[in-house]
Amino acid sequence: MLEIKNLQVSVEGKEILKGLNLKVNKGEVHAIMGPNGAGKSTLASVIAGKQDYEVTGGSILFNGKDILELSPDERAKEGVFLAFQYPIEIPGVSTINFLKTAVNEIRAYKGQGPMEAKEFLAMLKEKQKLVQIDTNLTGRAVNEGFSGGEKKRNEIFQMAMLNPQLGVLDETDSGLDIDALRIVAEGVNKLRSKDNAFLVITHYQRLLEYIVPDFVHVLYNGQIVKSGTRELALELESKGYDWIKKEFSEIPA
Amino acid sequence: MSAVATKKDTSAKWLEQFELTAANRLGAANTSVLEKQKQALAEFAKTGIPDKKVEDYKYTNIRLYLNDEFALKGAATKLRQSDVRHLFFGGHATIVMVNGRFVQELSSLKNLPREVVVKNLFSTYKETESGAGAEFNSLFTEKASPMALLNTALAQDGISINVPKGYNCVGPLHLLHISIGTDKVLYNPRHSIKVGEGANLTLIETYRSIDLGEKTFINSVTEIVVEKDATLNNYILQEEDAKASQNNVHQVSVGESGKFNSVTVSLNGALVRNDLNVAINGEHAEIHMHGLFIAKDGHLIDNHSLVEHNVPNCFSNELYKGIIADGGTGVFNGKIFVKQDAQKTNAYQSNKNILMGENSTMNTKPQLEIYADDVKCSHGTTTGKLDEEALFYLQTRGLNEAVARKVLLGAFAAEISDTVKDTAFRTLLEGRLQVHIV
């Protein structure tokens, strides 16, 4: 589904990703771990299509299509979703209202007509239940006055509504207490299917206790330096990132 | 650009016409109004049409939009009610002004409660009872602006609305201004609104054009008195043709425990200049002033406001928001005066603008002068581009850039349109905003 080849990305002339390779198949959950500054969030932003990043080399194929050529909304319409690390507040725009627009824009892209109001409401109700988010929150302006946990839950709620093929979760666990973490993780688990995939970006192993990954990759210094299964995450948890840094600091960029 | 008028030219030409028509206009019955008009004309002649050298017009040179090529009267128009009906809404009682003149036949006053008295302002001055015309120009205690003086001098038509003491006028009153024709004309409509003690009124003013073939200039003055315990909601939609310009002065006096809520939405017009001057003359009065403007390429929208806290224990809040397209210009000047006696004043002001292009210009100037020591006052202004982070966020949800932009600008504008209490007008506004926000 997702195939990243030799991806090189710079921000303001500074090289952040230095030849990253990653392949994600349908039905898989991949975790990307790594120390601060390794390029984890850059990877998430580049997949979603943020403009501040300059792709200097490599490619990202999504279902065989080069998505680097696509605008952020076209990527979303193709089935890519980014759950933000820091979801922003948008005064005056209610989550429900813009999701109605989003759902219909995506449907139009696929050649489908707008969703019936009744159908939309039913879906809304179902997905709200899934992530245990109140109509009170989704009816309000996006994230305005939300707690950290509510913001993250709202991200997962939006993901549930848009039903993407690939969900990229950028440090969704940061700033969450254990209860909020569990609710968010349960939401993701309910969305897992043989037809979709998730890229879970995290600094800590904690989230992976709830969202159990098929593969774990260690991102360091702009490259994936180690890949393994769930055990790799546990090893990182017990040893910290220092051994990775020691082992790979000599690698020429 | 047409020739810039000189002080001498404008006053001389228009003065001549004034002399010719003065006698027929008012008849012998009212010398006091005529006297005030003469004085105003003499005063106006000192500055003429204001240009950049006049401080309050620093960013708005009226001479670029108005000169002595403009006649004071256009050719007669033959509008029927079927031609203007599409500009009515909500079943509201509607007063129709065409090219600055009240047209009874086009108006729809069947829903007007009989308690509310609507008349041609100048016909009331012809009435022989003593004191007729005493209220004319009585609210301009400070020196009036040159454009207000020009209106005072040349006004011949307009509306007088009187809501009697204690009367709660449930349905809004719609004052519809239509510009039409193929002549270069200056119109000087003059209105007088009085909401009596304990009475309520919602007055909606709309400014529209029908097949406008030439530049026009509406130079309007509305004198408003909100008496003790009275409430006036004053909603304004300015959506004229791109050839039309207007200078619109609202001179307001609010009495004890009176409430004045204004919402001014300016969506189209070569020049839209608004002067909203509110004098708070009674304690415990409450003032809310909201404004929203979209300045398009080549258009200039200028909102000047003045709030005078003359007495203690009053509240005023002001929020103006602007969207300035590439090539458009916006001006905001908000003055708040808190007089020495006006202790316990709460006065707030905010101006927020979004610049849409490289060549968008916004000139904003908050101006607070506080002479009392026990007050709460604040002002703030922000001018910047549309939030890129918010734009990206919405795009990652599948909204293309144009749709995302429209959603964000719509939300920005809704903060103002949401303050409109009349559902029919709010719906009209929302529809017009959909058209103008691109």
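What share of the 438 residues in chain B is buried? Here are some notes to read beside the model.

1. Buried residues make up 52% of chain B. Here a residue is buried if 20 or more other C-beta atoms lie within 10 Å of its own, exposed if 12 or fewer, and partly exposed in between, with C-beta atoms placed from the backbone. Please keep in mind that this is a predicted model: local features need pLDDT of at least 70, side-chain atom pairs count only at pLDDT 80 or more, and totals for chains, interfaces and linings use all residues. Residues are numbered from 1 along each chain as its sequence is written, while chains are lettered from A and ligands numbered from 1 in the order in which they are written.

2. Chain B has 8 helices and 20 strands (DSSP runs numbered from the N terminus, with at least four residues of H or I for a helix and at least two of E for a strand). The radius of gyration of chain B is 21 Å, close to the 22 Å from the globule rule for 438 residues, so chain B is as compact as a globular protein of that length. That radius is taken over C-alpha atoms, and the rule is 2.2 Å times the number of residues to the power 0.38. Along the principal axes, the C-alpha atoms of chain B fill a box of roughly 70 × 50 × 45 Å.

3. Of the contacts in chain B with a separation of 6 or more, 83% join residues 24 or more positions apart. Two residues are in contact if their C-beta atoms, placed from the backbone, lie within 7 Å.

4. The domain assignment of chain B, which is automatic or from a database, gives domain 1 (7–282) and domain 2 (387–438). Over C-alpha atoms, the centres of these domains are 31 Å apart. Their contact takes 14 residues from domain 1 and 11 residues from domain 2. On the domain 1 side, strands S8 (200–212), S10 (231–239) and S12 (259–268) of chain B each give two or more residues.
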